[in-house]
Amino acid sequence: MKLTEITAGDLPQLIMYDLDGTLVDSVPDLAISIDAMLDDLNLPKAGEDKVRLWVGNGIPSLVKRALVDDMAGDQPGIVNREVFVKAYDSFKHHYAIEVGQHSHLYPGVKDFLQAMADKGVKQAVVTNKSEIFTEKLLKLMGIDHFFEISLGGDSLDEQKPHPLPLLHAIEKAEASLDTALMIGDSSNDIKAARAAGVKVIALPYGYNHGEPIAASNPDLIVTTLDKLL
Ligand SMILES: O=C(O)COP(=O)(O)O
Ligand SMILES: [Mg+2]
């Protein structure tokens with residue numbers, strides 16, 4: 001299916017992309033850093049499969065989930081504050097070294113970003129990953145120049161699934177709800193898009209806490225981004 005078929009014939013003015021699991025297969029770096037953090041704290045390693053399930057609600061949530069080896073670890077009152085601070089510092093230390101080292105762009109991503117740039121579509125990254133690591137990863141993947149807006153999970157008072165970052169990006173790009181589009185891999189992306197009132201396309205290859213993305217009812221699912229061209 002072509003992009004214009006879900007946007008009523010016109011190209012969007014603004015496309016907002018999720019980062020982890022949508023543009024970049026970034027779990028290897030995250031898993032290495034989480035395991036190094038757990039090792040620092042004398043806890044057993046988690047491994048890539050668990051980390052893939054835990055990614056998606058920002059780095060503080062990922063760290064808390066890893067500390068208790070459970071998806072619910074980021075719920076209030078589960079992880080002790082001091083333990084979290086120590087773990088979070090350790091994770092940031094390791095991830096600053098590992099970010100982008102074992103990650104790669106998914107197939108079709110660069111072609112799609114280039115095609116949209118050539119057509120004058122404004123592009124934004126709206127991720128729950130911390131801003132500092134988002135900037136680094138985009139640069140290391142060689143795609144930072146495509147985005148005029150980049151928002152991380154700690155850029156504003158709210159992160160996805162809250163609509164605030166999407167609405168903020170739309171305002172900054174001087175686009176409108178009708179002319180903006182979200183593209184993501186997780187239920188957080190779809191919920192945020194629905195709450196903001198914008199259309200949303202999903203990729204099935206990313207990280208959705210082990211659930212099929214179809215269960216979140218995106219407007220469209222495409223196997224790779226270049227299928228939209
Ligand atoms: O860091 C995360 O939790 C995931 O970030 P994402 O919003 O780019 O999927
Ligand atoms: Mg994602």
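**Helix packing and the ligand site**

Q: Which residues in H5 do Asp29, Leu30, Ile32, Ser33, Ile34, Ala36, Met37 and Asp40 in H2 meet?
A: In this predicted model, the H2 side of the contact is formed by Asp29, Leu30, Ile32, Ser33, Ile34, Ala36, Met37 and Asp40. By class, the residues of the contact of H2 with H5 divide into 8 nonpolar, 3 polar and 3 charged. The partners in H5 are Ala87, Ser90, Phe91, His94, Tyr95 and Glu98.

Q: Are H2 and H5 oblique or roughly perpendicular to each other?
A: The axes of H2 and helix H5, which spans residues 81–98, come within 8 Å and cross at roughly 140 degrees. Angles over 145 degrees would count as roughly antiparallel and those from 65 to 115 as roughly perpendicular, with the rest taken as oblique. The two helices, H2 and H5, are therefore oblique.

Q: How are H4 and H5 oriented to each other, roughly perpendicular or roughly parallel?
A: The axes of H4 and H5 come within 10 Å and cross at roughly 115 degrees, and H4 passes H5 in a right-handed crossing. The contact is made by Ile59, Pro60, Leu62, Val63, Lys64 and Leu67 of H4 together with Val83, Phe84, Ala87, Tyr88, Phe91 and Tyr95 of H5; these residues divide into 11 nonpolar, no polar and 1 charged. Because angles from 65 to 115 degrees count as such, H4 and H5 are roughly perpendicular.

Q: Which residue has a backbone N or O atom that lies 2.8 Å from an oxygen atom of ligand 1?
A: The residues around ligand 1 include Asp18, Leu19, Asp20, Val55, Gly56, Asn57, Gly58, Thr127, Asn128 and Lys129. A backbone N or O atom of Asn57 lies 3.2 Å from an oxygen atom of ligand 1, while for Lys129 the corresponding distance from a backbone N or O atom to a ligand oxygen atom is 3.5 Å. The residue with the 2.8 Å distance is Asn128.

How values were computed. Residues numbered from 1 in each chain as written. Chains lettered and ligands numbered in written order. Predicted model: local features only at pLDDT ≥ 70, side-chain atom pairs only at ≥ 80, totals over all residues. Heavy atoms only, no water. Near = heavy atom within 4 Å. Polar contact = N/O pair within 3.5 Å; in protein donor to acceptor, adjacent residues only side chain to side chain. Axes fitted to C-alpha atoms, helices over the stretch in contact; angles between N-to-C directions. Helix = DSSP H or I, 4+ residues; strand = E, 2+ residues; numbered from the N terminus. Parallel < 35°, antiparallel > 145°, perpendicular 65-115°, else oblique. Contact = heavy atoms within 4.5 Å. Nonpolar A, V, L, I, M, F, W, Y, C, P; charged D, E, K, R; others polar. Left-handed = near helix turned anticlockwise from the far one by under 90°.
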